[in-house]
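Q: Could you take a close look at how one of the helices packs against its neighbours? I'd like the angles, the residues in contact and their make-up.

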Amino acid sequence: MNTKQLMSKFTEIFGEIGKPDVFFAPGRINLIGEHIDYNGGRVLPCALDFGTTALARKRKDSIIKLASMNYPLQVTLDLNRITFENKDAWGNYPKGVIDQFLRRGFTLGGFEALYYGTIPTGAGLSSSASIELVTAMILKSFFDCDISIIDMIKLCQDAENQFVGVNCGIMDQFAIGMGKKNMAIYLDCDSLNYEYVPIPLKGIKLVIGNTNKKRTLADSKYNERRRECERALAALQNRLDIKSLCNLTPGQWEENKDIILDPVIRKRAEHVIYENARVKEAVEKLSQGDIMTFGKLLNQSHESLRDLYEVTGFELDSMVEEAWKQEGVLGSRMTGAGFGGCTISLVKEEAIEEFINRVGENYKKKTGLQGDFYIAGIGDGVRKIRLEG
Ligand code: GLA
């Protein structure tokens with residue numbers, strides 16, 4: 001659907017009183033560094049070249065009207081009364097962002113917005129963070145809020161933590177806010193220092209595989225993993241002066257892991273500490289142009305998420321295992337929170353067609369589900385779109 005079609009849909013829903021502005025926020029994938037953003041670790045995500053477009057127009061009163069091309073549900077609310085309501089479903093993401101702007105003392109007014117997302121929902125490509133960031137951009141632009149992009153990123157994370165109730169880390173919002181074309185973001189989630197890292201993919205493409213296994217229970221399992229990490233940290237802090245699990249090197253971990261008695265908690269921490277070390281190595285390999293080793297690190301990351309962190313599941317494992325078997329594949333792993341959702345694979349260009357056919361076929365045989373595959377383009381972060389004419 002192009003902007004012109006969206007414009008006429010907007011007019012159909014909200015009436016013809018003035019032209020809306022257009023905003024865009026991408027989805028994201030994470031190349032490596034999974035489930036460590038909330039453990040003070042380093043991650044390597046990038047923004048995608050598809051995401052959420054929002055058309056929005058200011059109103060003269062305090063009413064906010066939200067509509068979506070993806071869901072029939074429309075949400076109307078008054079700025080003076082914003083509360084989480086289950087029945088508002090997707091509308092709770094923009095509502096959470098509006099709530100956070102108000103809590104930070106910004107003066108807002110009414111507006112109406114139409115959202116159109118091309119990120120498959122529940123696929124672990126951060127469609128929700130994309131809705132959050134695009135909403136934050138609308139508010140900043142319409143109500144002249146003096147807020148930096150980094151503060152908008154933190155605000156959107158707070159919206160998700162406090163309003164929606166998912167205790168996510170900063171990675172998704174950061175990637176969507178700060179994405180840059182053809183670059184990955186090497187982000188230290190503790191200090192928020194970051195650096196753009198080019199991805200030297202000559203003759204190789206990043207292929208996203210959607211297992212189409214919905215991430216049911218993902219939110220509660222996600223919060224459970226966070227609590228397990230907190231328990232691991234608390235145990236280690238009895239002996240060590242550390243602020244987060246990722247303060248430990250693998251060597252220090254090996255010397256001290258005996259202090260964690262619960263084998264499950266120990267496995268979780270082991271994933272976190274080795275995954276953090278893998279990210280560092282992955283960035284070194286990328287800068288040396290060593291894509292082969294980079295691909296192997298992706299594989300190791302998946303194994304660790306499967307065996308130690310236990311967030312993969314039958315569908316993700318099946319798709320990744322099928323990918324590993326194919327010619328021309330340098331690496332493959334789950335991306336995002338897991339429990340369903342998407343995989344990413346590094347595939348030689350000449351092998352892509354065969355890859356998609358074979359992996360799709362075998363995945364279907366094993367799981368009964370039809371997978372979807374896309375070649376990932378790496379794009380820029382959230383922005384207002386300038387329209388011609
Ligand atoms: C979700 C969260 C992120 C991050 C990943 C796992 O996408 O929103 O903060 O924790 O899972 O790496």
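A: Helix 2 (residues 92-103) packs on helix 4 at an angle of about 115 degrees, and their axes are 8 Å apart. The axes here are lines fitted to C-alpha atoms, for helices over the stretch in contact, and angles run from 0 to 180 degrees between N-to-C directions. Helices themselves are DSSP runs (H or I, at least four residues), numbered from the N terminus. Bear in mind that this is a predicted model, where local features need pLDDT of at least 70, side-chain atom pairs count only at pLDDT 80 or more, and totals for chains, interfaces and linings use all residues. Residues are numbered from 1 along each chain as its sequence is written, and side-chain values use heavy atoms, with hydrogens and water left out.

Back to the pair: helix 2 and helix 4 cross in a right-handed way (the near helix is turned clockwise from the far one by less than a right angle). On the helix 2 side, the contact (heavy atoms within 4.5 Å) uses N92, Y93, K95, G96, V97, D99, Q100 and F101, which meet M152, L155, C156, D158, A159, E160, Q162, F163 and V164 of helix 4. Sorted by class, that contact of helix 2 with helix 4 has nine nonpolar, four polar and four charged residues. For the classes, Ala, Val, Leu, Ile, Met, Phe, Trp, Tyr, Cys and Pro count as nonpolar, Asp, Glu, Lys and Arg as charged, and the others, Gly among them, as polar.

Helix 4 (residues 149-164) also packs with helix 3 (residues 127-142), at an angle of about 125 degrees and with the axes 10 Å apart. Helix 3 and helix 4 are therefore oblique to each other; angles under 35 degrees count as roughly parallel, over 145 as roughly antiparallel, 65 to 115 as roughly perpendicular and the rest as oblique. The crossing of helix 3 with helix 4 is right-handed. From helix 3 come S128, E132, L133, A136, M137 and K140, and they touch M152, I153, C156 and E160 of helix 4. The helix 3 and helix 4 contact has six nonpolar, one polar and three charged residues.

So which residues of helix 4 turn up in both lists? M152, C156 and E160 meet helix 2 as well as helix 3.

Technical notes: Helices (H or I, at least four residues) and strands (E, at least two) are DSSP runs, numbered from the N terminus.
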